[in-house]
Amino acid sequence: MKNYFSAGVALACLMLGSPGAAQLPISPRLLDTVSKSPFGVSALLIPADGKQLPAIAGSEILPDGSVLAQLPIAQIETIAASGALGWAMPQQSILLPDDFPAPPMRSDAQTIAKSAPGRQGHGNGSGVRIGVIDFAAVSAGNPVLGQLRGTWPAGGLAPAGSNTHTDQVLAIINELAPAAELLLFRLPANPVDQDVRRAAKRLAEEGAQIINFSGASYGDRRDGRAPLDQLADELSARGILFVTVSGNDAQRSWQAPLLDADRDGMVDVAGGGILLKAKGGKITLQLSWDDWGLARRRIPTGFWDIDLELFDAAGKLVKAQNTPRGLVGEPIETLDVGALAPGDYIVRLPYRMTALRIGRPIVQLVATGAVDSLVPSVAEGSIAIPGTARGALTVGASDGQRPAAYSGRGPTLDGRTKPDLLANPVGLSGRAGTSYAAPRIAGLAAQLLSKQPQLDLMTLRATLIQLGSQVP
């Protein structure tokens, strides 16, 4: 196991009888990704206290001094050996939330374009630039192409009639704000934090006043301090409205305090385990627990280590993930199964203490991919990153009366209420999801700015939230 111990943590190890030899400050999870890829790895590099990381070509520097970069593991090891590196951990994968068949909506639960804006006399988006960060190309022949004032990377249209996710997002915005200028940044395959940051930076440089982002991540802390949360806060500080999703995984999420009444070394779950209903195909389980400990800066230190185990209905182990954490290491575990057969499975969470017991962390599990639901599921706390950010305007899905069952919701781990508002989630394809709700709010924001260009960000946010309460 590769771990790093500062002088204080090394002393704690010695007191506890644990091995305390200093080693390179590289996350075992990051090393695990290295073993699977001969290429450079996407990593978050956190400087050691009082140190500054060297310049890295193509990197992105966060406000707290940490760096997002893609580079070979050998280069990370060189930086670590210099003493400048406090901790290196993998960047988090960004997901396009799954959508769902659109449920029947009440007759008065129409799109925002047909309700609130129509009766409020808002503008048509003229003079407003809206940036869109999305996952696919625009289809050839899409009438919205005429509204695009910039696309990055250039070219690469999808075949005519593809009706991609990006097509639908742009069409929803255009329906509400037909005179707005649209800017599109398409993310690469398998995007990570740094890709989103680059996209947002380019759109901001091109004058976007509103940025719509439909991606979600669960592999980091959900208390407003993840790298994508920092991005949302930076954009907000620049006066840019960052509209994002609450996520579509409330029925595939579970959380509870770490309890073990029978002292069997397993996190207590009613019924002995979490039932996972698989549809057949690739799945990902992302486990995190609120145990970032006595960390200085963002170097993750804590007291608990929790593993993931997946069993089939007959009790046979399908796969386990037990990355060792020790006293230093991010409280996250990820388990991927490339082709899981349809059926019922059980998720169990063995744990161990890495130091003296201090408090009880909140444990959170999210299943994505070909998963129908978790039983029991816990919707509270299922909000996705960067919807957890203070600077983000986070949009959930409405079923016409209340939040849709799948729509992610708060509170965040630091106790804040999210999402900020709800909107109609039905896309043009007859599917539904929060990634179709968010662009409706982005379009409405463009209408308001078109009519009242003097609005500052805080007033714009407050007005949107007020209007949102009037839309079923």
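Axes, in what follows, are lines fitted to C-alpha atoms, for helices over the stretch in contact, and the angles between them run from 0 to 180 degrees between N-to-C directions. With that settled, the structure can be walked through part by part. It is a predicted model.

The chain as a whole comes before its parts. It holds nine helices and 22 strands. Of its 472 residues, 55% are buried. Among contacts with a separation of 6 or more, 80% are between residues 24 or more positions apart.

A pair of helices makes a starting point. Two packed helices are described by the angle between their axes and the distance between the axes. Helix 5 covers residues 165-176 and helix 8 covers residues 434-451; their axes come within 8 Å and cross at roughly 30°. Angles under 35 degrees count as roughly parallel, and helix 5 and helix 8 are therefore roughly parallel to each other. The crossing of helix 5 past helix 8 is right-handed. On the side of helix 5, the contact is made by His165, Gln168, Val169, Ile172, Ile173 and Leu176. Helix 8 contributes Ser435, Tyr436, Pro439, Arg440, Ala442, Gly443, Leu444 and Gln447. Sorted by class, the residues of this contact are eight nonpolar, five polar and one charged.

A second pair of helices can be read in the same terms. Helix 6 (residues 193-205) and helix 7 (residues 227-237) have axes that come within 10 Å and cross at roughly 10°. Helix 6 and helix 7 are therefore also roughly parallel to each other. In helix 6, the residues that meet helix 7 are Asp193, Val196, Arg197, Ala200 and Ala204. Facing them in helix 7 are Pro227, Leu228, Gln230, Leu231, Glu234 and Leu235. The contact of helix 6 with helix 7 has seven nonpolar residues, one polar residue and three charged residues.

The strands come next. Strands of a sheet pair through backbone hydrogen bonds, either parallel or antiparallel.

Leu44 has Leu68 of strand 3 as its bridge partner, while Ser42 stands opposite Gln70 in strand 3. Strand 3 also pairs with strand 2, in the antiparallel sense and over two bridges. Here Ile61 has Val67 of strand 3 as its bridge partner. Strand 2 and strand 3 form a hairpin with five residues between the strands, where Gly65 takes a positive phi near 95°. Strand 3 is mostly covered, with four of its five residues buried.

Strand 6 spans residues 129-134, and five of its six residues are buried. Six bridges join strand 6 to strand 8 (residues 181-186), and these two strands run parallel. In this pairing Arg129 stands opposite Glu181 in strand 8. Strand 6 is also joined to strand 9 (residues 210-213) by four bridges, again in parallel. Gly131 stands opposite Ile211 in strand 9.

Is Gln255 buried or partly exposed? Buried means under 20% relative accessible area and exposed over 50%, so Gln255, at 23% relative accessibility, counts as partly exposed. Which residues does Gln255 contact, leaving aside its neighbours within four places in sequence? They are Ile362, Val363, Gln364, Val378, Glu380 and Gly381. One of these, Ile362, lies 107 residues from Gln255 along the chain, yet the C-alpha atoms of the two are separated by 6.8 Å.

Terms used: Residues are numbered from 1 along each chain as its sequence is written. This is a predicted model: local features need pLDDT of at least 70, side-chain atom pairs count only at pLDDT 80 or more; totals for chains, interfaces and linings use all residues. Side-chain values use heavy atoms; hydrogens and water are left out. Buried means under 20% relative accessible area, exposed over 50%, partly exposed in between (1.4 Å probe, protein chains only). Two strands pair if DSSP finds at least two bridges between them. Angles under 35 degrees count as roughly parallel, over 145 as roughly antiparallel, 65 to 115 as roughly perpendicular and the rest as oblique. A crossing is left-handed if the near helix is turned anticlockwise from the far one by less than a right angle, and right-handed if clockwise. Contact means heavy atoms within 4.5 Å. Ala, Val, Leu, Ile, Met, Phe, Trp, Tyr, Cys and Pro count as nonpolar, Asp, Glu, Lys and Arg as charged, and the others, Gly among them, as polar.
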